[in-house]
Amino acid sequence: MTRETPTPLAARGAEVAAELAATTMVLGETLWAAQQTIGLRAVRLAAAGFDPERLRDPEFTTMVWEKLDAALEAQNALVAGLWSLSDVWLEWLAQQVRATAQASLEMAAPPDPIRYGGVASDYVETSLNAAEIACGRMALEASRLGGRGLAPYHRATNENARRLMQAAGEG
């Protein structure tokens, strides 16, 4: 049986922690940009008052479409992340099925308690190694989901804030 060396638990935990820390930083940047965007748009909307001409400012309709585009992108990113997560699970399942089939074939020969012990030991070791690797990879993929879903909002919000700040500086 081939055995993949499992990544040490501390290293896997560090990978997950780094992923979560990066997502937290992106969330902070997104919240800051959103705060700026909301403030600048509120000022622009207040300045427009009830003047129909000023209410035709493309910024007021653009903001709706930008949110919908970001939501669609985020949904697609989350679906891709869930596919990655399911790929890890299916790979683990395939390894378990292969290990079970191999152990079953090795035990199908005439009775031999010593061989049975060795086969059972190999099966348990292979099964536990595969599970440990899969669990670590699943944790990493799950920790990436938030970042994947947040990325489109982060990009749109930062672009909005930058555009509105430039427009406010020009006006």
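**A helix and its surroundings**

Tutor: Helix 3, residues 58-107, has 50 residues, and its first and last C-alpha atoms are 73 Å apart, close to the 74 Å expected at 1.5 Å a residue. The expected span is 1.5 Å times one less than the number of residues. This is a predicted model, in which local features need pLDDT of at least 70, side-chain atom pairs count only at pLDDT 80 or more, and totals for chains, interfaces and linings use all residues. Residues are numbered from 1 along each chain as its sequence is written, and side-chain values use heavy atoms, with hydrogens and water left out.

Student: How many helices and how many strands does the chain have?

Tutor: Helices (H or I, at least four residues) and strands (E, at least two) are taken as DSSP runs and numbered from the N terminus. Read along the sequence, these elements give the pattern α-α-α-α. The count for the chain is therefore four helices and zero strands.

Student: What radius of gyration does the chain have, against that of a compact globule of 171 residues?

Tutor: The radius is taken over C-alpha atoms, and the globule rule is 2.2 Å times the number of residues to the power 0.38. Along the principal axes, the C-alpha atoms of the chain fill a box of roughly 90 × 30 × 15 Å. A compact globule of 171 residues would have a radius near 16 Å, but the chain has 27 Å.

Student: Which residues of helix 3 are buried?

Tutor: Buried means under 20% relative accessible area, exposed means over 50%, and partly exposed lies in between (1.4 Å probe, protein chains only). In helix 3 the buried residues are Glu59, Phe60, Glu66, Ala70, Ala74, Ala77, Gly81, Val88, Gln96, Ala99 and Ala103.

Student: Is Val97 buried or exposed?

Tutor: Val97 has its place in helix 3, and its C-alpha atom is 46 Å from that of Thr157, a residue 60 places away in sequence. Because its relative accessible area is 51%, Val97 counts as exposed.

Student: Which residues is Asn160 in contact with, leaving aside its neighbours within four places in sequence?

Tutor: Asn160 is in helix 4, residues 113-170, and it counts as buried because its relative accessibility is 8%. Contact means heavy atoms within 4.5 Å. With its neighbours within four places in sequence left aside, Asn160 is in contact with Thr37, Arg41 and Glu66.

Student: Which residues does Leu55 touch, not counting those up to four places away in sequence?

Tutor: Leu55 has its place in helix 2, residues 52-55, and is partly exposed, with a relative accessible area of 35%. In sequence Leu55 and Pro113 are 58 residues apart, and in space they are 85 Å apart, C-alpha to C-alpha. Not counting residues up to four places away in sequence, Leu55 touches Leu45, Ala48, Gly49, Phe50 and Phe60.
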